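Reader: I have a structure open and would like to go through it piece by piece. Can we start with the contacts and then move to the overall layout?

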Amino acid sequence: MAEIRKRLIFHGRVQGVGFRYTAKHLAGSLGLTGWVRNEYDGTVRMEVQGRKDMIYKLMEGLNRGMYISIDWIDEEEIPLIEEKYFSVK
């Protein structure tokens with residue numbers, strides 16, 4: 001299955017609840033690369049790359065977090081880039 005890259009913006013209770021480190025752990029376990037960071041407006045921005053089914057598993061896993069509450073996600077497919085790991089910015 002071909003790889004894709006998505007830019008995701010998470011809205012809801014997503015800052016101060018371990019979102020970024022949960023994302024890093026899940027992404028690593030699913031073989032995904034990219035990055036995640038908090039934004040000044042209270043959202044969390046992520047760029048994630050890998051197989052489409054694994055990206056959706058990451059999104060499902062994040063939605064099951066104990067304190068994380070995702071109201072909605074803005075999603076956009078973007079061009080692939082060369083990278084080796086998933087990081088927290």
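Reader: Which residues does Phe 19 touch, not counting residues up to four places away in sequence?
Author: This is a predicted model. In it, Phe 19 touches Phe 10, Val 14, Val 36, Val 44, Met 46, Leu 62, Ile 68 and Ile 70.

Reader: What is the largest nonpolar core made of, and which residues have the most contacts inside it?
Author: The largest nonpolar core has 22 residues. Phe 10, Phe 19, Met 46, Val 48, Leu 58 and Leu 62 have the most contacts inside it. Strand E1 (3-13), helix H1 (19-29), strand E3 (44-51) and helix H2 (52-63) each supply at least two of the core residues.

Reader: Which element gives the most to this core?
Author: H2 does, with 5 residues. As background, nonpolar side chains in soluble globular proteins tend to be buried together.

Reader: Ok, the sheet now. How many strands form it, and in what order?
Author: There are 5 strands in an open sheet, and the order is E4-E1-E3-E2-E5. The pairing is mixed.

Reader: Which strands stand at the edges?
Author: Strand E4 (69-78) and strand E5 (86-88) do. Each has a single partner strand, so one side of each is left without a neighbour in the sheet. On average, neighbouring strands of this sheet are turned by 20° against each other, direction ignored.

Reader: How many bridges join E1 to E3, and do they run parallel or antiparallel?
Author: E1 and E3 run antiparallel and are joined by 8 bridges. Within that pairing, Glu 3 stands opposite Arg 51 in E3, and Arg 7 has Glu 47 in E3 as its bridge partner.

Reader: What stands opposite Arg 7 in E4?
Author: Glu 76 does. E1 and E4 pair in the antiparallel sense over 9 bridges.

Reader: And E2 with E3: how many bridges?
Author: E2 and E3 are joined by 6 bridges and run antiparallel. One of the pairs puts Thr 33 with Gln 49 in E3.

Reader: What do E2 and E3 form together, and which residue in the turn has a positive phi?
Author: They form a hairpin with 5 residues between the strands. The residue is Gly 42, with a phi of about 95°.

Reader: Is E3 mostly covered or mostly uncovered?
Author: Mostly covered, since 6 of its 8 residues are buried.

Reader: Where do the helices go? Which strands does H1 lie across?
Author: H1 lies across E1, strand E2 (33-38), E3, E4 and E5, and runs at about 170° to E5. H2 lies across E1, E3 and E4, at about 140° to E3.

Reader: Changing topic to Trp 35. Why does Trp 35 count as buried?
Author: Its relative accessibility is 10%, and buried means under 20%. Trp 35 is found in strand E2.

Reader: Which residues is Trp 35 in contact with, leaving aside neighbours within four places in sequence?
Author: Trp 35 is in contact with Arg 5, Arg 45, Met 46, Glu 47, Phe 86, Ser 87 and Lys 89.

Reader: What does the charged end of Lys 89 do there?
Author: That charged end sits over the ring of Trp 35, 4.3 Å from the ring centre.

Reader: How far apart are the C-alpha atoms of Trp 35 and Val 88?
Author: They are separated by 5.6 Å, although the two residues are 53 residues apart along the chain.

Notes: Residues numbered from 1 in each chain as written. Predicted model: local features only at pLDDT ≥ 70, side-chain atom pairs only at ≥ 80, totals over all residues. Heavy atoms only, no water. Core = buried A, V, L, I, M, F, W, Y, C linked by side-chain atoms within 4.5 Å. Buried < 20%, exposed > 50% of the residue type's maximum accessible area, 1.4 Å probe, protein only. Helix = DSSP H or I, 4+ residues; strand = E, 2+ residues; numbered from the N terminus. Contact = heavy atoms within 4.5 Å. Lys NZ or Arg CZ within 6 Å of the ring centre and 35° of its normal. Pairing = 2+ DSSP bridges. Axes fitted to C-alpha atoms, helices over the stretch in contact; angles between N-to-C directions.
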